[in-house]
Amino acid sequence: EIDEYVLVPQALSHERLEEITAVMIARDRPVLRMAVTPSALLTNGVLVAERSFIPMVTLRRARTTGGEAVLKRAFDVVGAALLLVAVAPVATYELVRARISGVQPLVRAQTIHGPDGSHLTLRLLAREVSSRMPVRGMPALVAVLLGRLSLVGPRPIPVDAGTPAPAASALTGMRPGLTGPWRLLGDGATLEEQATQDLAYVRNYTAWEDLRIVVQSARLLWAGPRRGLLGRWEHRPAGEARPRLHAFAVRGWPGLRA
């Protein structure tokens with residue numbers, strides 16, 4: 001029967017704070033209020049309140065609604081369909097060649113965190129089938145058409161056994177994207193930097209921003225095999241060197257630079 005919780009970040013460990021925030025923000029009630037943090041300021045529709053003259057904010061999940069949600073879904077369907085038509089012939093050839101060569105498995109799956117605490121499956125062609133990113137992403141394009149993923153959105157975050165969803169992903173009610181601000185940051189960005197850009201993207205979302213990110217991603221992909229231009233969503237193997245970070249700023253947030 002509790003209507004409101006007040007959370008004091010300084011009284012909790014970082015891990016416990018993220019766990020509680022992820023659970024509480026996924027529900028409409030009770031209301032969760034906490035002292036101002038950078039992540040809270042980047043969420044959508046922040047409401048300021050005071051308790052004993054202490055300023056606090058009410059956390060709300062960042063999401064698209066109304067006409068913006070319709071436009072984003074239309075962009076996903078049209079964009080994914082066009083990309084599928086473009087990559088399907090090459091992907092089919094690569095799959096047949098890999099099958100004849102005895103490559104197994106042809107498709108690799110990874111469980112990722114979805115909106116509202118759900119879990120989704122991200123499928124890609126195995127690296128042994130093709131090393132070209134657009135070709136490997138053909139199964140994911142099908143998931144975009146089915147409404148499970150988005151063409152542009154927050155970074156897909158793998159589900160690790162025993163590890164709760166990061167607080168940043170809980171604050172975002174948008175489907176993970178095959179590209180997004182996190183990818184434009186480059187392969188050297190930290191998870192915190194990616195999460196900050198993702199929250200800023202959701203709060204300032206426009207259909208034009210999706211188009212700009214797709215064009216920018218294609219430009220960097222066309223730039224050649226130089227590593228580090230496009231960020232990766234999956235975990236980096238232990239001991240692998242971190243490439244130089246590619247500078248990028250979300251439109252409307254010039255101070256958020258890598």
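Colleague: Which residues in H3 and H5 meet?

Modeller: In this predicted model, the H3 side consists of Arg-73, Asp-76, Val-77, Ala-80, Ala-81, Leu-83, Leu-84, Val-87, Ala-88, Ala-91 and Leu-95. These residues meet Met-138, Leu-141, Val-142, Val-144 and Leu-145 in H5.

Colleague: Why are H3 and H5 called roughly antiparallel?

Modeller: Helix H3, residues 66-100, and helix H5, residues 138-145, pack at an angle of about 150°. Angles over 145 degrees count as roughly antiparallel, and H3 and H5 are therefore described in that way. Their axes lie 8 Å apart.

Colleague: What is the hand of the crossing where H3 passes H5?

Modeller: The crossing of H3 and H5 is left-handed.

Colleague: What makes H5 a mostly covered helix?

Modeller: Six of the eight residues of H5 are buried, a term that requires under 20% relative accessible area. The buried residues are Met-138, Pro-139, Ala-140, Leu-141, Ala-143 and Val-144. Their cover includes H3, helix H4 (133-136) and the strands S6 (119-125), S7 (150-152) and S8 (177-179).

Colleague: How do you know whether Ala-143 is buried or exposed?

Modeller: The relative accessible area of Ala-143 is 9%. Buried means under 20%, so Ala-143 in helix H5 is buried. Apart from its neighbours within four places in sequence, Ala-143 is in contact with Arg-148 and Leu-149.

Colleague: How far apart are the C-alpha atoms of Ala-143 and Ala-80?

Modeller: A distance of 9.1 Å separates these C-alpha atoms, while the two residues are 63 residues apart along the chain.

Colleague: Why is the pair of Tyr-201 and Tyr-205 called edge-to-face?

Modeller: The structure holds one aromatic pair. The ring centres of Tyr-201 and Tyr-205 are 6.0 Å apart and the ring planes stand at 85°, so the pair is edge-to-face. The cut-offs are centres within 6.5 Å for a pair and planes over 60 degrees apart for edge-to-face.

Colleague: Are Tyr-201 and Tyr-205 buried or exposed?

Modeller: Tyr-201 has a relative accessible area of 1% and is buried. Tyr-205, at 4%, is buried.

Colleague: What makes the link between Ser-217 and Thr-179 a polar contact?

Modeller: The side chains of Ser-217 and Thr-179 are joined at 2.7 Å, and the limit for such a pair of N or O atoms is 3.5 Å. Ser-217 lies in helix H9, residues 207-222. With 9% relative accessibility, Ser-217 counts as buried.

Colleague: Why does Val-31 count as buried?

Modeller: Val-31 has 17% relative accessibility, and the threshold is under 20%, so Val-31 counts as buried. Val-31 belongs to strand S2, residues 31-34.

Methods: Residues are numbered from 1 along each chain as its sequence is written. This is a predicted model: local features need pLDDT of at least 70, side-chain atom pairs count only at pLDDT 80 or more; totals for chains, interfaces and linings use all residues. Side-chain values use heavy atoms; hydrogens and water are left out. Rings of Phe, Tyr and Trp (its six-membered ring) pair if their centres lie within 6.5 Å; planes under 30 degrees apart count as stacked, over 60 as edge-to-face and the rest as tilted. Buried means under 20% relative accessible area, exposed over 50%, partly exposed in between (1.4 Å probe, protein chains only). Helices (H or I, at least four residues) and strands (E, at least two) are DSSP runs, numbered from the N terminus. A polar contact is a pair of N or O atoms within 3.5 Å; within protein, one must be able to donate a hydrogen and the other to accept it, and residues adjacent in sequence count only if both atoms are side-chain atoms. Axes are lines fitted to C-alpha atoms, for helices over the stretch in contact, and angles run from 0 to 180 degrees between N-to-C directions. Angles under 35 degrees count as roughly parallel, over 145 as roughly antiparallel, 65 to 115 as roughly perpendicular and the rest as oblique. A crossing is left-handed if the near helix is turned anticlockwise from the far one by less than a right angle, and right-handed if clockwise. Contact means heavy atoms within 4.5 Å.
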